[in-house]
Amino acid sequence: MKYLFTFLVLFVFNYVNYAQIIPEHNTEKCGSDIVHKWRLEHESGYAESYAKLQSYVNKFVAAHPDGFSPKAVITIPVVFHIVLSPTEHAGFLDSRCTENIGTLNTDFAGLSTHSMGDFPASLKANCDIQFCLATISPTGAATTGIERVDYNGPEWTAGDNGVKQSSGGGLDAWDPTSYLNIWVCNLTGSLLGYGTYPTVLDNFYGLVIDFTATGTTGALPPFDLGGTASHEIGHCFYLEHIWGDLGACSVDDGINDTPIQESSTSGNPTPPLLDACQTASPGIMFMNYMDYSDDIAYANFTPDQKTIIQALFASGGILEPLTNSIKCGIPLVADFIGNPSVPATVNIGGTVDFTDLTTGTPTAWEWTFTGAVTTTSSTQNPQNIQYSTLGLFPVKLKVTKPNFADSITKLAYIEVINPLDVNCDFIGAPTCIVAGDSVNFTDLSTNTPTTWKWKFNGGTPDTAIVKNPQNILYDTPGVYSVYLHASNLTSSDTLTKLGYITVMDPSEVPNANFMANLTNMQAGTSINFTNQSTGLYDSLQWYFSGAVPPSSTSNNPASITYNTVGDFNVTLILYSSTCNNDTLIKPLWIHVFDPADVGPVHADFHATTSRLIYVPGATVNYEDLSTGNITQWQWTFYGGTPPTSPAQSPQSIGYTIPNIYDVCLIVSNSLYSDTLCKTEYIVVSDNPWPNNSFCDTVTNILPTEHPLTFMHLTPKYWGYFPGHNGSLTKYYAEKVTNYTFSEVSGLIIPPVKCYSASPNNKVIFTIWDVDNQGLPGSVLGTKNVLINTFVPLIYKSVMFDTPVQVNGQFFVGYQLYYNTPYDTFVVYMSPNRPNPIDNHLYLKKNASSVWQTPTQFFQDTMQVNVSLAISVIGCLVGINVEEINMDSQISVYPNPTSDKINIELKDFVPSSFNCNLYDLTGRKIKIETFNTNTNFYEIDVSKFNNGIYLLEINVNNQRTVKKVSIIK
Ligand SMILES: [Zn+2]
């Protein structure tokens, strides 16, 4: 039981607030009587209207000593105003209101199955009152009969009319002559509700009930069977508490067939329940809805209570207007269709059939067919309506049923034509283009027009007189209309297609793209996606294979859960109503693993934005490309903000100081970890570089692996590795994993042995992509070079005829021919490495055999892990991604320096050599050309200021770039 309720001591002018002065009362679950008594004493006019109500009801009861039943059951439209906090709203479903309507209808129909104790069943009256949720709002719109508002103030007290007014934090009543208003809120303490007597039908008439005592599912026992609403509506229907509110046998509720009772009852007593006023069976009627018993004990209104209720609804009663309310009705929504349907084109003299599509079950129809032979009809589905006049005509339908009406007019719905006349039509293709593109038009007019006049708004040319105009150019973004007038010898017609051609700015073309906060995760993980699409589109659709939910239409879907182990696609489709859709599928992009499956991991990453950036304002996005079942990422961005990140693919890493920076990534799980540092990976400048491009060389040879080596296979095998040998190795491919260029322009080849059997014998240098097993796949580019053009121990540049486009990892290497006598071509490679992961070399015997590591190829008798010493000359072109590496075959020192830079070439003397020094604005500040008889050079930098500089070294027509610092 709730026992306490307190009252706000507030003075609010804009509404009557009984609560402000109603004294504290601490024993009631219903506040109706104390609100009533306060109003009797304090509210001007209330005593008079209450006396009038009493007088009317008394006369009615006296005039109907045997009771009163209406001709038909009265159904009262109800609106629930839900005034709760957001949290309380979430726990209070609309179904609670529906449930309460159901219990009210049971209770007021006398259909409760609860016990009447020793009382006869005849005292359980059918009050002939029912309730319905309103379906039509005061404005005539469709409604659920439930409205809600968020309220975060203190709990409400009895008589606080703020809950009944939007100005007080609640919700305004709906017209009380058409609706019974029920406010549901959080009432203070133990207060369950209160209702007002029907003295006047003003905007405070109705009942207020606590949300915990409303409905059934989720309501708080023992008030979870809807009894509170039945009790408070009893007050709204002028029923007093059954004990008369005074605690004595001398005071009664004024109703003959309810026994006199001393005071309120609580709980669920066992009948008969006796008191000072009723000392024998059947005792007091604690099961009456107007007592305070638990909902499970409530069973009846009596026949005399029913008479009072019906007095209010009878002719002259204050609630009579509610008997005429239609607010639970089903409104009409008029609609129809013709056959032929929109646009209904009818040959002159032809007919049209109409079908009524109105919802809400109309009972009468009024059709108006302007332009028809017969212009009206009152049947539901008029047939064979004939049109004998050329023109364009509207059709109107008005529908009615008792209390409801609706109408609809469809303008220009019927077009009556002469079938022998020209009837214009055309199509354009495409109708959505990018500015600068053109459109072809095709005439589809009927009856053989012989002349055409076209107008193309926004097009070039903007007119045409041919049948099918081609290549109409649109170079300004916008939406344009097309007009055609076509005629033959006897007739003509005109058609304008408004907004027919859409011309987009290139930046408006939909281009789908996205990211996720994780793509490599343990099963059971939820992740969030970020839409990075560009251009204009109307809606989008995501599909997440293997996830829950499997799809979404959110812009940035959150909490997408992957419970199943596997690799899954993610798809994003951008829908455009006017133009082409765009779809991006990232195949097998999401890697979901079993937490118990702990294996080796391999770190890899790249930047998805340009690594050549300009300050201020530029940022870099990184994408993790690591493989394995990874649980942790630890990034370090030297010079970046933030300087570290645990995200899988960190976005928007800022750089503010011009310099060249390293990036490192450590990936790990509970047993394994791997580290990748890309040195001098981000170039930060305060000005764009010339041609917006940046070239450099990379190699898999590590700085500590000089001098380079090559390997005789003897005595076990004849020959050289990597080159001509007894195992007939024909293909050598070196995997370049940590570097991504937009294009490879050439290679620097370090030959050790080059003997050609014939002057025309050659080596084919090749770039392969990486197949789905990590092995050399498709050939991306080749270059044939005669062996005789190589000189042993002299590095040679091999340039592709056109740069080879690469994206991410690739293989570089060569194919050998075995002519007779044998050709020999061997390049340097790294010394044997102990760690298998440092093997980058794959080989095979012929085109159809399988690529193998050296260890596999030589069947494990040789544990060989090496890299070819071929250097790749790669370029970043435009804003594409490029990876750079300072080639370790050139040593630059000291660094930092104060006065001079020494350049030392390892193991070779170049045929050409020069240097350029750039500052970080890209300005060339020093040009040096040297003789080529040496492998040692010196540059004077003493006159330059302190700072970071880029030293471009051109060796044998190839270029590498070193960062140098000058500090004095
Ligand atoms: Zn009450």
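Trainee: How far apart are the sulfur atoms of Cys249 and Cys277?

Mentor: This is a predicted model, and in it those sulfur atoms sit 1.9 Å apart, forming a disulfide. The cut-off to keep in mind is a pair of cysteine sulfur atoms within 2.5 Å.

Trainee: Which parts of the chain does the link of Cys249 and Cys277 tie together?

Mentor: Both cysteines lie in the loop between helix 5 (227-236) and helix 6, so the bond joins parts 28 residues apart in sequence. The torsion about the S-S bond is -95°, a left-handed link. Cys249 is partly exposed at 33% relative accessibility, while Cys277 counts as buried at 19%.

Trainee: How many disulfides does the structure hold?

Mentor: Three. Another one pairs Cys132 with Cys328, sulfurs 1.8 Å apart. Cys132 belongs to strand 2 (residues 129-133) and Cys328 to the loop between helix 6 (303-313) and strand 7 (336-339), so this bond ties together parts 196 residues apart in sequence.

Trainee: Is that disulfide right-handed or left-handed, going by the torsion about the S-S bond of Cys132 and Cys328?

Mentor: Look at the torsion: it is about 95°, so the disulfide is right-handed. Cys664 and Cys677 have about 115°, so theirs is right-handed too.

Methods: Residues are numbered from 1 along each chain as its sequence is written. This is a predicted model: local features need pLDDT of at least 70, side-chain atom pairs count only at pLDDT 80 or more; totals for chains, interfaces and linings use all residues. Side-chain values use heavy atoms; hydrogens and water are left out. Helices (H or I, at least four residues) and strands (E, at least two) are DSSP runs, numbered from the N terminus. Buried means under 20% relative accessible area, exposed over 50%, partly exposed in between (1.4 Å probe, protein chains only).
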